[in-house]
Amino acid sequence: MPDSELRSVSRASAKVMNRADLTRRLVARLEREEAVIGGIGNSNFDLWASGQRPQNFYMLGSMGLAIPIALGVAMAQPARRVFALEGDGSLLMELGALGTVAAQAPRNLAIVVWDNGMYQITGSQKTLTSSTVDLIGVARAAGLARSSWALDEAHFESLVEQALDGDGPWVIGARIDGEKPAGTTERDPAKIRLRFMQGLGVAA
Amino acid sequence: MSADSFAENWPEIAVRALKANDVRLVAYVPDNVLAPLIRLVHDDPYFTVVCPAREEEAVGIVAGAYMAGTRGIVLMQTSGFATLPNVLASLLSPYRIPVPMMISERGAVGDFQLGQAMVCRTMRPVLTALGIPHFAIERRDDVEFVVGSMIGQAFATHEPAAMILSPLLTKKPVPTAAHAAAR
């Protein structure tokens, strides 16, 4: 997909979709043991609800660190595709991570940003994306040229397909609604880590 | 300890200890005291070096790399450590991810910035409250043993570890041959 096509979708023109639905669409396309790092709260809850793949990592705390963790995985295993799923509030807390990813430029990393303009899990208080901040614009300005809003579900899937086959790093922005997540992650951090390492073929 | 260890200063010895323990990824937020070590790892192709914007980002990167099979370390100064309690308590400790940290101790003695001194006083209470093993290195002769031991312990026990570089190691003038002869 040419860069011009990536740039053609504005946040305002992007359809408001559903996180659980898009997470299932993403996971359904994973056929090569791709790693997925689910950010704090609803991002990892919907990842859990989409099916507990051994290559999924559910980040229960450490808000903002799904992208850095995914970057570390991507650097250590350059042959594996790695996805970070991060909410708008979380990314706003760790914007510098976009610059770090751009500087490292891992070809195997894709970042998915779920943007509903709110801190949904704490009572739906507004985030800065509900006023002025365009996180895909921020990602591009940080040096991540392959960044795009998803126009609709079909476009989201085509962007995921690009991220699975082409050279990244990629950033896919998805506007989402305020629906509750489709499940709740089991709260056993040590077990999550062990299972993830086994999923990545690493002796823990 | 190798025969030429007295020709080395602490950064060269630290590099040797990192290599001996297969620590290949270095993530740091800059610090003047750490600058010689940072230069060494940048110049050595053995290491992959990342300089993120915040210390907690560095911890996240090294944690991810560990789970994917690469050992790393985070370098920072005391004030950077003071930004980390949340990630230590919500990621490294509960998930039992061994991330070694090397912290240059600022504000301990002879620092004229009150803020540095006050931040420094929070470091050991935080490490103690979280039950994270920590040890201050004060003498060049101890660098290889302490760095190697703490890194080895961290990976064997799946706990983070904090190696504190005391100003006695990094700032106190090293006696010269002339000094030694005069005594």
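Colleague: Hi! What can you tell me about helix H3 of chain B, residues 55-67?

Modeller: Happy to! In this predicted model, H3(B) has 13 residues and spans 19 Å from its first C-alpha to its last. That is close to the 18 Å expected at 1.5 Å a residue.

Colleague: Is it mostly covered or exposed?

Modeller: Mostly covered: 13 of its 13 residues are buried.

Colleague: And which residue follows H3(B)?

Modeller: Gly69(B) follows the helix, and its phi is positive, near 105°.

Colleague: Staying with chain B, how do H1(B) and H7(B) pack?

Modeller: Helix H1 (residues 10-20) and helix H7 (residues 143-157) of chain B pack at an angle of about 35°, and their axes are 9 Å apart. The crossing of H1(B) past H7(B) is right-handed.

Colleague: Which residues meet there?

Modeller: From H1(B), you have Trp10(B), Ile13(B), Ala14(B), Arg16(B), Ala17(B) and Ala20(B). They meet Val143(B), Glu144(B), Val147(B) and Gly148(B) of H7(B). By class, the residues of this contact are seven nonpolar, one polar and two charged.

Colleague: Nice. Over to chain A: what is the strand order in its open sheet?

Modeller: Six strands line up as E2-E1-E3-E4-E8-E7 in chain A, with parallel pairing. The edges are E2(A), residues 56-58, and E7(A), residues 147-149, each of which pairs on one side only. From one strand to the next, the twist averages 15°.

Colleague: How many bridges join E1(A) to E2(A)?

Modeller: Three, with the two strands running parallel. In that pair, Ile37(A) stands opposite Phe57(A) in E2(A).

Colleague: What packs on the sheet?

Modeller: One of the helices is H3(A), residues 42-49, which touches E1, E2, E3 and E4 of chain A. Its direction makes about 130° with that of E3(A). Helix H8(A), residues 153-165, also packs on the sheet, touching E4, E7 and E8 of chain A. The direction of H8(A) makes about 165° with that of E8(A).

Colleague: Tell me about E3(A), then. Which strands does E3(A) pair with?

Modeller: E3(A) pairs with E1(A), residues 35-38, in the parallel sense over four bridges. There, Gly38(A) stands opposite Leu85(A). E3(A) also pairs with E4(A), residues 109-115, in the parallel sense over six bridges. In that case Phe83(A) stands opposite Ala110(A).

Colleague: Why call E3(A) largely enclosed?

Modeller: Because six of the six residues in the strand, 82-87, are buried, E3(A) is largely enclosed by the rest of the structure.

Colleague: Which way do those residues point?

Modeller: Val82(A), Ala84(A) and Glu86(A) point one way, while Phe83(A), Leu85(A) and Gly87(A) point the other way. All are buried, Glu86(A) included.

Definitions and conventions. Residues are numbered from 1 along each chain as its sequence is written. Chains are lettered from A and ligands numbered from 1 in the order in which they are written. This is a predicted model: local features need pLDDT of at least 70, side-chain atom pairs count only at pLDDT 80 or more; totals for chains, interfaces and linings use all residues. The expected span of a helix is 1.5 Å times one less than its number of residues. A residue is buried if 20 or more other C-beta atoms lie within 10 Å of its own, exposed if 12 or fewer, and partly exposed in between; C-beta atoms are placed from the backbone. Two strands pair if DSSP finds at least two bridges between them. Axes are lines fitted to C-alpha atoms, for helices over the stretch in contact, and angles run from 0 to 180 degrees between N-to-C directions. A crossing is left-handed if the near helix is turned anticlockwise from the far one by less than a right angle, and right-handed if clockwise. Two residues are in contact if their C-beta atoms, placed from the backbone, lie within 7 Å. Ala, Val, Leu, Ile, Met, Phe, Trp, Tyr, Cys and Pro count as nonpolar, Asp, Glu, Lys and Arg as charged, and the others, Gly among them, as polar.
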